[in-house]
Amino acid sequence: MEAMRPLDALNLARNKKVMIDLKNGKQILGTLKAFDIHINIVLDDAEEREAGEVKRKLGKVFIRGDTIILISPQ
Amino acid sequence: MEAMRPLDALNLARNKKVMIDLKNGKQILGTLKAFDIHINIVLDDAEEREAGEVKRKLGKVFIRGDTIILISPQ
Amino acid sequence: MEAMRPLDALNLARNKKVMIDLKNGKQILGTLKAFDIHINIVLDDAEEREAGEVKRKLGKVFIRGDTIILISPQ
Amino acid sequence: MEAMRPLDALNLARNKKVMIDLKNGKQILGTLKAFDIHINIVLDDAEEREAGEVKRKLGKVFIRGDTIILISPQ
Amino acid sequence: MEAMRPLDALNLARNKKVMIDLKNGKQILGTLKAFDIHINIVLDDAEEREAGEVKRKLGKVFIRGDTIILISPQ
Amino acid sequence: MEAMRPLDALNLARNKKVMIDLKNGKQILGTLKAFDIHINIVLDDAEEREAGEVKRKLGKVFIRGDTIILISPQ
Amino acid sequence: MEAMRPLDALNLARNKKVMIDLKNGKQILGTLKAFDIHINIVLDDAEEREAGEVKRKLGKVFIRGDTIILISPQ
């Protein structure tokens, strides 16, 4: 009855660009390389954005799951 | 004695439009595609709203369960 | 020795009107249809109230347990 | 070596008046009817107080444990 | 190699006066009667203090562990 | 492959001076006597500091792990 | 199907410089020596930064995982 699970959607986004909204109001854009059941995330070529502007080049970055609001494939 | 469980209600809303209120005061409207026991959610054709106005087109989006206040089928 | 458990009280409120206070200061009034051990709740005929006034008709709504302060049968 | 456990103290307060301080700064006074290991609580004849004044008659009320600071038998 | 565990220190403070700092900025002074692995605490002869002044006599009080910053035997 | 674990570092700091930063902005300096997997900590000869100044002599103190940001051996 | 896991990325950063963003807005720069599944971290030669400036030399430091937003290898 449970046709698709949320982590399946993340799996389809692997190696694709995703935008991540964080609880502190910032956004991280990058290529999704890895995730786990806690929604810990690793991105490549990541950059931090605030109000649409690039604030910081992060390159590879590990993001702790409990700081994430949403993940949107681009 | 426990006639229906909360996740049964989410299951009935699958493939239907739902409005999700987030703890940061924003709302996400979209088609419910997947959920799990943590209330992690995947929506299709999602858009973010604030005070009733569309703020952002999100398309497919993964929402972390612990950021959700309520989910209301439309 | 433990005569009654808190979830027994919720079970007695099933199909009855309840008022739910949320951590964000809002209240949801509706008919209790389902709950689980996380206190995730499903209401029918729900409406959101703020300072006693109806702010929004929600109809059926799923409320995530960790956003709830208290549930009061009406 | 562990002579008494905290839940034993709650058990002794069953059917007695207790004052509960909540994390949102409010207080609930009522008769303790049930509790569990999450400190979810059910009170009878409950009323909400703010700065010592009765703000709301609640009657029977279920309080989610993670919103509670302390419980003081009266 | 792990010579002493934190709960051993609480056990040595049983039946002694302790000062507890809460996350809401208040302090509770009382006699430690019980604790558990969640650091839920029961005090006897407790009083609430703010900025060094007694604000409220609490008598026996149950304090939920997740609201506690530190416990200092007096 | 996992050469050292974080708790090993705490174990090496046992009986040594450590500075602990708390989430409420305060610092506790003292001698590390005990810790557990929740990072609950017991210090001896502890004192609370704010902006570098000693605010309070605490002596022996139990600190609940979830209130800690970091622990730095001195 | 799950090619890489987030902790694998941390493992590759072992003994390398990493920048850690904390939930309180501060940053810690140091050499990653250890981590665990809670993302508790030990750094060597750590320093705290605020707005790009060094605020404090920390040397060896244990950081509790739940205070971390992201970890970026330098």
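**The interface of chains C and D**

Me: In this predicted model, how many salt bridges does the rule find across the interface of chain D and chain C?
Reply: The rule finds two salt bridges across the interface of chain D and chain C.

Me: Why is the meeting of C:K23 and D:D66 called a salt bridge?
Reply: The side chains of C:K23 and D:D66 come to 2.7 Å, N to O, and because the rule asks for a side-chain nitrogen of Lys or Arg within 4 Å of a carboxyl oxygen of Asp or Glu, the pair counts as a salt bridge.

Me: Which strands of chain D each supply at least two residues of the side that touches chain C?
Reply: They are β2 (27-35), β3 (41-50) and β4 (53-63) of chain D, and the largest share, six residues, comes from β4(D). By class, this side of chain D has 10 nonpolar, four polar and eight charged residues.

Me: How much area do chain D and chain C bury between them, and how many residues are in contact?
Reply: About 1700 Å² is buried between chain D and chain C, 57% of it on carbon and sulfur atoms, while 22 residues of chain D are in contact with 22 residues of chain C.

Notes: Residues numbered from 1 in each chain as written. Chains lettered and ligands numbered in written order. Predicted model: local features only at pLDDT ≥ 70, side-chain atom pairs only at ≥ 80, totals over all residues. Heavy atoms only, no water. Contact = heavy atoms within 4.5 Å. Buried area = accessible area lost by both parts, 1.4 Å probe. Helix = DSSP H or I, 4+ residues; strand = E, 2+ residues; numbered from the N terminus. Nonpolar A, V, L, I, M, F, W, Y, C, P; charged D, E, K, R; others polar.
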